[in-house]
Amino acid sequence: VVSGSGDQSVCIWDALTGDLVKGLNGHTDWVQSVAFSPDGKQVVSGSDDQSVCIWDALTGDLVKELNGHTGWVRSVAFSPDGKQVVSGSDDQSVCIWDVLTGDLVKELNGHTDSVQSVAFSPDGKQVVSGSGDQSVCIWDALTGDLVKELNGHTDWVWSVAFSPDGKQVVSGSGDQSVCIWDALTGDLVKELNGHTGWVWSVAFSPDGKQVVSGSSDQLVCIWDVLIGDLVKELNGHTDWVWSVAFSPDGKQVVSGSSDRSVHIWDALTGDLVKELKEQSL
């Protein structure tokens, strides 16, 4: 598990034991977003210091620092082939970078407010972004053209993600809803309601049948994508839940919170499997 923190550090944890494996230090402000490369050998991080950093996950060394944003970097993600990184920033831009050279490949402009979340499609051909302008945008990663704008949220869009088959997009918003969209037509497929606070983070399960969401209401929720029902409500955090994700096998969910803990949950039973707290440092 990799985590980023307001203490400016990036930490890699052993998900089984809860031990801290490696601390990656170099950012000079809050780390807003982190992600592993598809092969697990690298980590990318985005920070309020306006930089995007690529790290060696094994040694902890800084491999590349990508500079170009003029605002806080809110979200980062690797492409499926690991050759590119996408970043979203308060400067309202979405940037695509070459991991090997560190060069800026494409700058995607169109949002009129801070870009809070970005992700590649499973085939790497598209990028999705969510913004403070309340829109979800789908872009052509090669040309930089805007393919589709998804409108329906009535507050900031904090988190977006493609489904594993690339046919759907999920978004979480300050309007307290989780929305599932048809990526091809842009139609709203399902609106999932139940949170009583801003939805900070959303993610699909590996099989695409479920979505997990984290909210300022301190809850982690697992939803059925097809029928829209709430499958499981995971209680245990004592502050806002900022980040959520499924494990690669779909059997577990990880969540990060302002209560300074990272929780690993059993996705089927809803039981808390492991709690990683700052004293582990």
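## The second largest pocket

The lining of the second largest pocket comprises 4 nonpolar, 3 polar and 5 charged residues. Here Ala, Val, Leu, Ile, Met, Phe, Trp, Tyr, Cys and Pro count as nonpolar, Asp, Glu, Lys and Arg as charged, and the others, Gly among them, as polar. Among the lining residues are D123, K148, D165, K167 and D182. P122, V147, A183 and L184 also line this pocket.

## About the model

This is a predicted model, in which local features need pLDDT of at least 70, side-chain atom pairs count only at pLDDT 80 or more, and totals for chains, interfaces and linings use all residues. Residues are numbered from 1 along each chain as its sequence is written, and side-chain values use heavy atoms, with hydrogens and water left out.

## Around Q116

Q116 is buried, at 7% relative accessible area. (Buried means under 20%, exposed over 50%, partly exposed in between, with a 1.4 Å probe and protein chains only.) Beyond its neighbours within four places in sequence, Q116 is in contact (heavy atoms within 4.5 Å) with R74, S75, D90, G130, S131, W156, V157 and W158.

## Aromatic rings

The count of aromatic pairs is 8. One of them joins W198 and W200: the ring centres are 5.4 Å apart and the planes at 70°, so this pair is edge-to-face. Rings of Phe, Tyr and Trp (its six-membered ring) pair if their centres lie within 6.5 Å; planes under 30 degrees apart count as stacked, over 60 as edge-to-face and the rest as tilted.

W198 is partly exposed at 35% relative accessibility. W200 is buried at 7%. Ring pairs link both into a cluster with W156, W158, W240 and W242.

Notes. 1 Å grid on protein atoms, 1.4 Å probe; cavity = no way out; pocket = protein on both sides within 12 Å on 5 of 7 lines; lining within 4 Å.
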